[in-house]
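Okay, everyone, thanks for coming.

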Amino acid sequence: MKSNEWIPISSGLLPDEKEDVQVTYIGYNDGNHYCNEFAYIVNGIWYWTNDDDEVMVKITAWKHNCEPYMGE
């Protein structure tokens, strides 16, 4: 099982290529920190999972997606 802790980009540790991960980023208009999006990285460039557009904001951290609840 993979850790679900935030990993700062400054650590130099990045997810595997094309691995969908949750990201913390700094909002473009307001400078606030958000963690409500998912992205993946290819050749050092981040892309949003929902539309495959290049990320144009600063990503500050990432974490592996959680495992879905499968019931009891």
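**Starting from one glutamate**

So, Glu-19: with a relative accessible area of 14%, this residue counts as buried, because the cut-off for buried is under 20%. Before I go on, keep in mind that this is a predicted model.

Where does Glu-19 sit? You'll find Glu-19 in the loop that runs between strand 1, residues 7–8, and strand 2, residues 21–26. And what does its side chain pair up with? There's a polar contact of 2.8 Å between the side chains of Glu-19 and His-64. Beyond residues up to four places away in sequence, Glu-19 touches Lys-2, Ala-39, Tyr-40 and, again, His-64.

Okay, zooming out. The C-alpha atoms fill a box of roughly 45 × 25 × 25 Å along the principal axes. Of the contacts with a separation of 6 or more, 50% are between residues 24 or more positions apart.

On burial, 29% of the 72 residues are buried. The chain exposes about 5,300 Å², and carbon and sulfur atoms supply 52% of that. As for charges, there are 4 positive and 13 negative ones, and their mean positions lie 6 Å apart.

In soluble globular proteins, nonpolar side chains tend to be buried together. Here the largest nonpolar core has 11 residues, including Ile-7, Val-21, Ala-39, Trp-46 and Trp-62. At least two residues of this core come from each of strand 2, strand 3 (33–42), strand 4 (45–48) and strand 5 (58–64). Strand 2 gives the most, with three.

Have a look at Trp-62 while we're here. Leaving out neighbours within four places in sequence, Trp-62 is in contact with a whole list of residues, among them Trp-6, Ile-7, Leu-13, Pro-15, Val-23 and Trp-46.

Last one: Phe-38, over in strand 3. Is Phe-38 buried or partly exposed? Partly exposed, with a relative accessible area of 35%. Phe-38 and Thr-49 are 11 residues apart in sequence, and their C-alpha atoms are 5.6 Å apart in space.

Key:
Residues are numbered from 1 along each chain as its sequence is written. This is a predicted model: local features need pLDDT of at least 70, side-chain atom pairs count only at pLDDT 80 or more; totals for chains, interfaces and linings use all residues. Side-chain values use heavy atoms; hydrogens and water are left out. Helices (H or I, at least four residues) and strands (E, at least two) are DSSP runs, numbered from the N terminus. Buried means under 20% relative accessible area, exposed over 50%, partly exposed in between (1.4 Å probe, protein chains only). A polar contact is a pair of N or O atoms within 3.5 Å; within protein, one must be able to donate a hydrogen and the other to accept it, and residues adjacent in sequence count only if both atoms are side-chain atoms. Contact means heavy atoms within 4.5 Å. Accessible areas come from the Shrake-Rupley method with a 1.4 Å probe; for residues, only the protein chains shown count as cover. Lys and Arg count as positive and Asp and Glu as negative; His and the chain ends are not counted. The place of a charge is taken as NZ of Lys, CZ of Arg, CG of Asp or CD of Glu. A nonpolar core is a set of buried Ala, Val, Leu, Ile, Met, Phe, Trp, Tyr and Cys residues joined through side-chain atoms within 4.5 Å.
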